[in-house]
Amino acid sequence: MTGLLTYLVKRLVASVVTLLGVVFVLVVAVQFLPGDPARVIAGLRATPEQVQRIREEMGLDDSVFVQYWRFLENLAHGNLGVSARTGDSVASEIWARLPYTLELAFFGTLIGAVAGITLGVVAAIHKDKWTDSIVSMIGVMGISTPVYWLGILLIMLFAVTLKVLPASGASTPQSLVLPSVTVGVFSMAIVARMTRSTMIEELGQDYVRTVRAKGAAERLVIYKHALRNAFVPILTVIGLQFGTLLGGAVLTETVFAWPGIGRLLVDSISARDFPMVQGIIFVFAAMFIVVNVVTDLLYTVVDPRVRLYG
Amino acid sequence: MTEPVLSIRDLSVSFRTHTGVVRAVDKVSFDVYPGETLGVVGESGSGKSVTMLSLLGLIPPTARFDISGQALFKGRDLLQLPPKELREIRGRDIALVPQDPMTCLDPLFTVGNQVGEAVRAHQRMPKRALRRRVVELLGLVGFPQPERQYDRYPHQYSGGMRQRAMIAMGIANDPSLIIADEPTTALDVTIQAQIMEVLKAAQREAHASLVLITHDLGLIAEMADRVVVMYAGHVVEAGRVETIFQEPRHPYTLGLMGSLPQAGGNDRWLRPIPGTPPDPMRPPPGCPFHPRCLLARGRGICRTALPALEQIGMADHLSACHFRDEVAQETPTLLSQAAEIT
Amino acid sequence: MADLVVPEGDNAVAAPGDPSRLRGLRTLLRNKSAVIGIAILLLFTFLAVAAPLLTPYDPAKQALESAFQRPSAAHPLGTDNLGRDILARIMYGGRYTLMIGILAVSLATVVGVPLGLVSGYFGGWVDMVIQRVADIMLSFNPFLLALLLVAVLGVGLQSVIIAAGIGVVPQFIRLARGQALAVREEIYVQAADSFGASRASILWRHIARNSLTPIVVFATLNIGLTILIAAGLGFLGLGVQPPASEWGTMLGEGREYIFYAAYTSAFPGLAIFLVVLGFNLAGDGLRDALDPSLRA
């Protein structure tokens with residue numbers, strides 16, 4: 001058990017270090033922004049003195065390291081700054097919208113994982129036959145499809161033509177369907193490819209031959225043994241896909257007018273609301289890192305070797 | 001003469017690959033009798049494993065291969081059976097103890113679970129009875145404190161212990177035939193003897209015939225009643241173990257005997273057979289052994305005609321060599337010639 | 001399973017790093033999907049380059065009186081909200097797409113590969129620093145990274161190329177590092193070391209030459225990704241700016257009208273899809289032809 005604990009601690013420390021690095025990058029990035037954040041907050045008709053005062057208030061003239069430290073300090077208090085556009089707390093704005101994005105990311109990952117694993121297993125079982133080629137095609141097409149185009153196509157089909165699902169907003173449970181599917185397609189394609197190749201590899205292993213030699217049903221061979229062994233790399237991929245999904249979420253939220261932080265990010269960039277941009281990117285990075293650690297933890301459930309030896 | 005448990009006739013297996021057709025097994029025929037131990041000897045690539053795997057339908061389904069011939073097990077042709085029936089025979093009537101114990105167990109499940117799976121594949125049993133049976137089997141193969149071993153994982157075991165677990169799986173359903181594919185190759189010399197003891201005990205326990213596939217002649221000498229010698233996918237000689245060892249009637253077999261280290265003898269140096277096994281995609285015409293054969297002496301028939309496996313001398317001794325009668329007289333000459341070359 | 005010779009009826013027998021380019025080419029051409037991919041790319045390249053000859057329409061010229069015309073003989077893909085012929089815009093827009101894809105990936109290669117090679121070969125704290133930086137960049141995804149860069153650099157074609165390129169740099173670093181680590185162990189590199197060859201020349205000659213194939217394959221497969229990123233930025237209005245007919249920008253502009261003039265978005269999107277598909281199919285085919293061992 002101690003092996004597991006040390007492993008966990010090591011991962012957490014690495015994550016924190018990375019996160020600190022991300023923050024550093026963000027703070028530095030703000031230095032290089034075209035335009036003056038203080039001016040944006042002050043408004044177009046502000047006098048230079050007013051702008052200068054805001055600069056001092058925001059501490060924009062301080063050195064990078066001071067700003068870095070201040071950001072971390074604020075962060076510890078749950079304070080991510082104040083939006084240049086609305087004047088509201090960045091943290092509260094993000095907090096209000098975060099659940100929507102999480103919802104989208106979660107269901108997207110779920111759809112991607114389930115569909116991807118199913119396709120991958122089917123392709124591996126029927127290797128080199130028609131089914132396999134079809135799944136391969138779906139895979140390649142899946143990673144070539146722009147999320148925003150797919151979203152628009154789905155809207156055209158389901159909302160405009162068939163009128164079965166809503167085109168935008170987050171008002172009803174059904175409105176979750178199209179956005180989740182859109183954001184999950186890319187993930188599905190990658191997971192399917194990975195599942196297929198891992199399953200093929202596992203099915204060629206000696207222990208699979210042993211199970212067959214025992215006279216066990218093929219069903220057991222595939223699901224109880226091969227798939228379970230394949231799960232570790234597949235899980236890695238699903239975890240990695242979460243990061244890609246977050247990027248896709250930004251675009252999907254725009255297409256579907258989904259009230260998550262992705263859309264907020266886009267609006268903030270257009271409006272030059274740098275504190276907000278900073279805050280949202282930080283939250284994205286944090287989410288991604290958390291998912292990575294959780295994925296690592298899940299390995300221990302699946303693979304007893306990791307459990308005992310870390 | 002009792003009926004054979006397994007009767008293989010003209011079994012051929014070839015694989016279709018991008019670069020050509022590989023004739024792994026070429027018209028192989030032999031019998032296995034009840035209760036006996038049959039050794040199948042040959043170098044790597046001689047087709048001995050493929051022969052047995054093809055009987056059980058265990059060649060990976062993704063490989064493209066063709067099988068022809070007949071394999072009668074208790075009157076039924078294994079090669080013609082529908083998959084479902086073949087699956088019933090696997091693990092119940094015919095058991096396989098595969099080659100490499102390190103990779104043959106699923107790392108994610110306990111040993112007890114996996115041995116239990118062998119039982120459950122063919123018998124319905126309530127959980128408690130199943131556990132008891134598994135513990136019993138583990139005890140049979142020599143695990144100390146078998147109760148505790150049930151919940152351990154393969155990676156917690158040494159190679160020898162894993163091999164015992166594989167044997168336990170093999171005898172779980174009292175098979176009539178056990179096929180052991182290189183059971184000791186991957187193990188330490190010190191463990192090998194132990195494992196062979198376990199295998200012998202298992203064979204006795206199940207009242208089974210044992211087919212022992214190996215390239216270790218010492219093992220054959222100790223364990224086998226009869227021997228089949230394979231080369232390049234063909235059977236070149238077959239007979240009782242004493243006969244084969246004392247009076248080999250095929251140049252290849254002779255070469256194998258000559259390459260045995262003689263304890264305390266003059267022959268300190270191993271005499272490997274000169275040359276290498278043929279490329280399975282481009283087998284030589286005529287006798288497969290002729291390029292390396294010292295008996296051929298350039299005679300044409302060796303190059304053109306495939307020798308048939310025919311009886312020689314006493315009953316039950318078969319050899320596939322055009323000059324099988326000469327082998328006995330030529331033995332000393334051939335051995336010293338081999339000594340000169342190497 | 002040393003004894004068992006069970007050859008898979010599968011991959012063609014191609015030695016890694018096989019110098020016979022001709023054999024590689026033939027294998028490539030036998031691969032049906034790769035051929036389709038290459039055909040698509042050739043088609044779009046042709047359309048982009050020969051656009052002025054193929055269409056009488058000016059992609060930028062507005063003609064409000066013929067706005068929102070459905071696809072017809074005169075306008076095979078219809079007209080957009082400002083009366084511009086969509087087919088013409090797509091053809092000219094292809095220039096942006098191809099240019100961005102190739103330049104962005106070239107940027108990523110030129111920046112990422114040397115960093116990765118250095119990181120892998122020299123190890124030590126150089127490796128650690130570069131790895132940390134790459135990790136930080138990877139904790140976003142390429143699109144978010146590009147988005148952040150665009151926020152800093154501003155919008156426009158140049159920013160898009162840089163943003164999309166930097167977005168995929170961490171992957172190139174990781175790839176090159178892996179290559180360097182693997183090749184570093186090769187005996188002949190160590191032997192050359194003992195002959196006193198300068199470290200830089202060892203690096204370039206031995207490692208770079210042997211890693212060339214995976215890097216080329218990887219680069220080709222990433223062109224699709226950079227195109228998707230660039231078009232995504234365009235869609236959000238943060239990429240190539242209107243009135244330029246970059247496909248992503250067209251998609252974004254057409255978004256308002258999907259309820260009654262869906263073709264203004266659908267066709268540019270289809271173009272993006274096809275070109276990315278083309279690069280992916282060609283890239284896969286290239287990989288299988290040059291070195292099947294790279295698969296998955």
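Two residues are in contact here if their C-beta atoms, placed from the backbone, lie within 7 Å. With that in hand, look at helix H1 of chain B: it lies across strands E1, E2 and E4 (65–73) of chain B, running at about 75° to E2(B). Please keep in mind that this is a predicted model.

**The four-stranded sheet of chain B**

- E1 and E2 belong to an open sheet of 4 strands in chain B, with the order E2-E1-E4-E5 and antiparallel pairing.
- Strand E2 (20–32) and strand E5 (76–77) of chain B are at the edges; each has a single partner strand, so one side of each has no neighbour in the sheet.
- Strand E1 of chain B, residues 6–17, is joined to E2(B) by 9 bridges, and the two run antiparallel.

**The eight-stranded sheet of chain B**

- Another open sheet of chain B has 8 strands, in the order E6-E7-E8-E3-E9-E10-E12-E11, and its pairing is mixed.
- Its edges are strand E6 (94–97) and strand E11 (310–311) of chain B; since each has a single partner strand, one side of each is left without a neighbour in the sheet.
- The partner of E11(B) is strand E12 of chain B (residues 318–319), joined to E11(B) by 2 bridges in an antiparallel arrangement.
- Within this pair, Glu310(B) has Ser319(B) of E12(B) as its bridge partner.
- Helix H1 of chain B (residues 48–55) turns up again here, lying across strands E3 (37–41), E7 (177–181), E8 (209–214) and E9 (226–231) of chain B, at about 140° to E8(B).
- Helix H6 of chain B (residues 159–171) lies across E6 and E7 of chain B, and runs at about 175° to E6(B).

**Where chains meet**

- Between chains B and A, 25 residues of chain B are in contact with 18 residues of chain A.
- On the chain B side, helix H2 (83–89) and helix H3 (111–120) each supply at least two of the residues that touch chain A.
- That side of chain B has 13 nonpolar, 5 polar and 7 charged residues.

**Backbone details worth a look**

- Most residues other than glycine have a negative phi, and most peptide bonds are trans.
- Ala257(A) has a positive phi of about 50° although it is not a glycine, and is found in the loop between helix H10 (218–256) and helix H11 (261–270) of chain A.
- Ala257(A) counts as partly exposed because it has 13 C-beta neighbours inside 10 Å.
- His207(B) also has a positive phi, near 50°, and sits in the loop between helix H7 (189–206) and E8 of chain B.
- His207(B) counts as exposed, because it has 11 C-beta neighbours inside 10 Å.
- In chain C, the peptide bond from Pro242(C) to Pro243(C) is cis, with omega near 5°.
- Pro243(C) is in the loop between helix H9 (199–235) and helix H10 (247–254) of chain C.

Key
Residues are numbered from 1 along each chain as its sequence is written. Chains are lettered from A and ligands numbered from 1 in the order in which they are written. This is a predicted model: local features need pLDDT of at least 70, side-chain atom pairs count only at pLDDT 80 or more; totals for chains, interfaces and linings use all residues. Two strands pair if DSSP finds at least two bridges between them. Axes are lines fitted to C-alpha atoms, for helices over the stretch in contact, and angles run from 0 to 180 degrees between N-to-C directions. Ala, Val, Leu, Ile, Met, Phe, Trp, Tyr, Cys and Pro count as nonpolar, Asp, Glu, Lys and Arg as charged, and the others, Gly among them, as polar. A residue is buried if 20 or more other C-beta atoms lie within 10 Å of its own, exposed if 12 or fewer, and partly exposed in between; C-beta atoms are placed from the backbone.
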